[in-house]
Amino acid sequence: MIVCLCAGISDRDIRAAAAAGTRRCADVFRAKDRQPRCGSCIDLICDILGENDGRDTAGCSGGCG
Ligand code: FES
């Protein structure tokens with residue numbers, strides 16, 4: 001499923017980045033050599049990143065801690 005329409009980032013991309021140690025939303029974009037634009041996907045990216053370690057990402061502003 002495409003999570004970020006602006007940058008073409010999928011849930012698989014995010015899970016792969018998380019499995020490789022990515023913990024910050026910004027690093028997901030960096031890993032794909034892309035930039036966020038509208039920002040509407042940030043909370044969902046943080047939620048998917050948080051699935052791996054159970055972190056509470058409520059209120060995430062894109063940095064994911
Ligand atoms: S949908 Fe991700 S930056 Fe716009």
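**Figure 1. Arginine 15 and aspartate 11 within helix H1.** Arginine 15 and aspartate 11 are both part of helix H1 (residues 11-19), where four residues, about one turn of the helix, separate them. Helices (H or I, at least four residues) and strands (E, at least two) are DSSP runs, numbered from the N terminus. The model is predicted: local features need pLDDT of at least 70, side-chain atom pairs count only at pLDDT 80 or more, and totals for chains, interfaces and linings use all residues. Residues are numbered from 1 along each chain as its sequence is written, and side-chain values use heavy atoms, with hydrogens and water left out. The side chains of arginine 15 and aspartate 11 form a salt bridge, with an N to O distance of 3.0 Å. A salt bridge is defined as a side-chain nitrogen of Lys or Arg within 4 Å of a carboxyl oxygen of Asp or Glu. Aspartate 11 counts as buried, at 15% relative accessibility, whereas arginine 15 is partly exposed, at 34%. Here, buried means under 20% relative accessible area, exposed over 50%, and partly exposed in between (1.4 Å probe, protein chains only).

**Figure 2. Aspartate 27 and arginine 30 within helix H2.** A salt bridge joins aspartate 27 to arginine 30, and their closest N and O atoms lie 2.4 Å apart. Both residues belong to helix H2 (residues 25-31); because they are three residues apart, about one helical turn separates them. Arginine 30 is exposed, with a relative accessible area of 56%, while aspartate 27 is partly exposed, at 23%.

**Figure 3. The network of Arg24, Asp27 and Arg30.** Salt bridges link Arg24, Asp27 and Arg30 in a network. Within this group, the side chains of arginine 24 and aspartate 27 meet at 4.0 Å, N to O. Arginine 24 has a relative accessible area of 36% and is therefore partly exposed. In general, side chains of opposite charge can pair when their charged atoms come close. The count of salt bridges in the model comes to four.

**Figure 4. The protein chain as the setting for these views.** Three helices and two strands make up the secondary structure of the protein chain, and their order along the sequence is β-β-α-α-α. Of the 65 residues in the protein chain, 37% are buried. The protein chain exposes about 4000 Å², of which carbon and sulfur atoms supply 46%; accessible areas come from the Shrake-Rupley method with a 1.4 Å probe, and for residues only the protein chains shown count as cover.
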